[in-house]
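Please look over the sequence and the structure, and then read on.

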Amino acid sequence: MAFETGVLATLRANIEYRSRRNSVKHEDGPVWHTGKMSYHCPRCNAGYTYKKTLKTHMKYDCGKEPRFKCPYCNKRDKCSSNIYKHVRMRHDGMPVMVHRN
């Protein structure tokens with residue numbers, strides 16, 4: 001048992017070390033992992049790995065109101081799949097559909 005505990009502690013320490021070694025803390029923002037988020041939104045500073053994801057964020061998400069609404073309550077979200085999940089979890093037995101604004 002003590003051996004397993006020591007091994008787990010060593011693995012956790014290695015993971016934490018690698019995480020700290022590959023990250024950059026910016027003064028007024030979140031910790032970014034170097035090499036993983038090369039593209040950043042000029043408006044909100046959100047980081048993305050791929051340029052296409054940044055373009056999608058800027059077109060549909062950044063500074064925009066949520067486009068999708070639950071038909072059964074006031075829940076709104078920028079991502080339709082989140083509304084589908086919400087309907088399945090919160091409105092059990094109801095037809096799963098999403099209203100778009």
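A residue is called buried when its relative accessible area is under 20%, exposed when that area is over 50%, and partly exposed in between. The model described here is predicted. Lys 75, with a relative accessible area of 32%, is therefore partly exposed, whereas Asp 77, at 17% relative accessibility, counts as buried. These two residues are joined by a salt bridge, in which the closest N and O atoms lie 3.9 Å apart, and the count of salt bridges comes to one.

| Residue | Relative accessible area | Class |
|---|---|---|
| Val 7 | 32% | partly exposed |
| Lys 75 | 32% | partly exposed |
| Asp 77 | 17% | buried |

Val 7 has its place in helix 1, which covers residues 2-21. Together with Leu 8 and Leu 11, Val 7 forms a nonpolar patch on the surface, and the accessible area of the three residues together is about 240 Å².

Which residues of helix 3 (residues 80-90) are buried? They are Ile 83, His 86 and Val 87, and, seen down the axis of helix 3, the buried residues fall within an arc of 95 degrees, so they line one face of the helix. An α-helix has 3.6 residues a turn, so residues three or four places apart point the same way. The cover over the buried residues of helix 3 includes strand 5 (68-69) and strand 6 (76-77).

How values were computed. Residues numbered from 1 in each chain as written. Predicted model: local features only at pLDDT ≥ 70, side-chain atom pairs only at ≥ 80, totals over all residues. Heavy atoms only, no water. Patch = residues over 30% accessible without salt bridge, like charges linked within 9 Å, V, L, I, M, F, W, Y side chains within 5 Å. Areas by Shrake-Rupley, 256 points an atom, 1.4 Å probe, with all protein chains shown as cover. Salt bridge = Lys/Arg side-chain N within 4 Å of Asp/Glu carboxyl O. Helix = DSSP H or I, 4+ residues; strand = E, 2+ residues; numbered from the N terminus. Buried < 20%, exposed > 50% of the residue type's maximum accessible area, 1.4 Å probe, protein only. Arc of directions from axis to C-beta. Contact = heavy atoms within 4.5 Å.
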